[in-house]
Structure formats: structure tokens, C-alpha cells
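Welcome! Let us take a walk through this structure together, with the sequence and the 3D view side by side.

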Amino acid sequence: MVIVLGTTVGAGGQPEARLAGRLRTAAELVAAGRARVVLVSGDGGGDSGDEPAAMTAYLTGQLGVAAERVVADPDGLDTYDSCIRARDVYGVRRALIVTQSYHLSRAVTLCRSLGLDVDGVAAKCDGCGKALLAEKTVRDYFASGKAAWDAVRQRPPAVSSPPDPAVRNALAGA
């Protein structure tokens, strides 16, 4: 099981460099037999577009991951929500979580604080310049405070949903 965290979708619904790197990493994990199912989690109504739809299309259309191995969560509005929804809505208990290295420790820590047994996998970021990576590292540093506060107060997810058997069904069929 792999959880891929969403981020900006570019023009025409194509993943930008950071997101494409995350998706390539997830596809490599599936191809290597380290995971059978990919949960793509992001903002389905975000300013840059429908992240999970773009992620699913890229995984299945350009990277060759079978559609039945991809589950989309359109309500993973931030890292905390992606982790808590993976647990509560999709029943994930153990997973690899894929994101860039600057974001990885926060993502792993948040998921573990919610009781998920996760290991982080750093995604490449081909085409990401040093300035972008420095900016995202600083942003992530400051986002860690919000993440810690969310975990301490056990914030409910922004969008509540009933349990969804999609991950269990995908794992059974994979």
C-alpha cells in the first residue's frame, strides 16, 4: 500500500514536477512489487485543479499502473487530513508514504501520530530548481507547527466521510 500526497496540478491537468516525481516513485514501488495499491490523496476542488483525478490519470495513462490498483481520495485537503482519512475512511493501517524529502518527516510523523504504521519514501523532483526546493523546505518548516497543533488537539478531518471499502477491495483484487 502506497499513499501519495497531492500537490499542485499544472496546466491541462498535468502534474507539475513535484507531483510527477511522487507518482513516478509510487509506480516504481508497484512495479517492484513493494506495493499493490496506490491511494492518491489530495484536494479534489483545489485552486490548481482536481489533484486526485490528475494523479489517477497520470498513474494509469502515462505510468501504466492498472486502474483497479488506484484509489482516489478527493478530500485529503492537507497532510493531516490525508493521514486521518487514510486511517478512518479507507481503513489503511500500514503503508509507504511518498512525498519529497523536505516534506517526508512531517508526513511520516503526522501519520504515525494517528496510529498508522508508515515508512517514508522520498520522491525525486526532476525539474525542480534549487530555489523552489529551498522555498518548499522553508514552507514545510513553518507548516510543522500547524501539524503539531493538529495532532495534539486531534483535529477532525475537514471533510467527514463514511468508511469506504475501495482500498480493501483493490487489495483483494490485486
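Charged residues make up eleven of the residues that line the largest pocket, alongside nine polar and seven nonpolar ones. Please keep in mind as we go that this is a predicted model. The lining has 27 residues, and the space inside the largest pocket comes to about 530 Å³. To find your way there, look for G6, D78, T79, R106 and R139, the lining residues that lie nearest the centre of the pocket.

Two packed helices are described by the angle between their axes and the distance between the axes. For α3 and α4, the angle is about 40° and the axes are 9 Å apart. Angles under 35 degrees would count as roughly parallel and 65 to 115 as roughly perpendicular, so α3 is oblique to α4. The crossing of α3 past α4 is right-handed. On the α3 side, the contact is made by T79, Y80 and C83, and on the α4 side by H103, R106, A107, L110 and C111. Sorted by class, the residues of this contact are five nonpolar, two polar and one charged.

A second pair is worth a visit. Here α1 meets helix α2, which covers residues 51-62. Their axes come within 10 Å and cross at roughly 50°, and therefore α1 and α2 are oblique to each other. As α1 passes α2, the crossing is right-handed.

Which residues of α1 and α2 meet? From α1 come L19, A20, L23, R24 and A27, and from α2 come M55, Y58 and L59. Seven residues of this contact are nonpolar, one is charged and no polar residue takes part.

Key
Residues numbered from 1 in each chain as written. Predicted model: local features only at pLDDT ≥ 70, side-chain atom pairs only at ≥ 80, totals over all residues. Heavy atoms only, no water. 1 Å grid on protein atoms, 1.4 Å probe; cavity = no way out; pocket = protein on both sides within 12 Å on 5 of 7 lines; lining within 4 Å. Points joined across faces, edges and corners; volume = space filled by probe spheres on them. Nonpolar A, V, L, I, M, F, W, Y, C, P; charged D, E, K, R; others polar. Axes fitted to C-alpha atoms, helices over the stretch in contact; angles between N-to-C directions. Helix = DSSP H or I, 4+ residues; strand = E, 2+ residues; numbered from the N terminus. Parallel < 35°, antiparallel > 145°, perpendicular 65-115°, else oblique. Left-handed = near helix turned anticlockwise from the far one by under 90°. Contact = heavy atoms within 4.5 Å.
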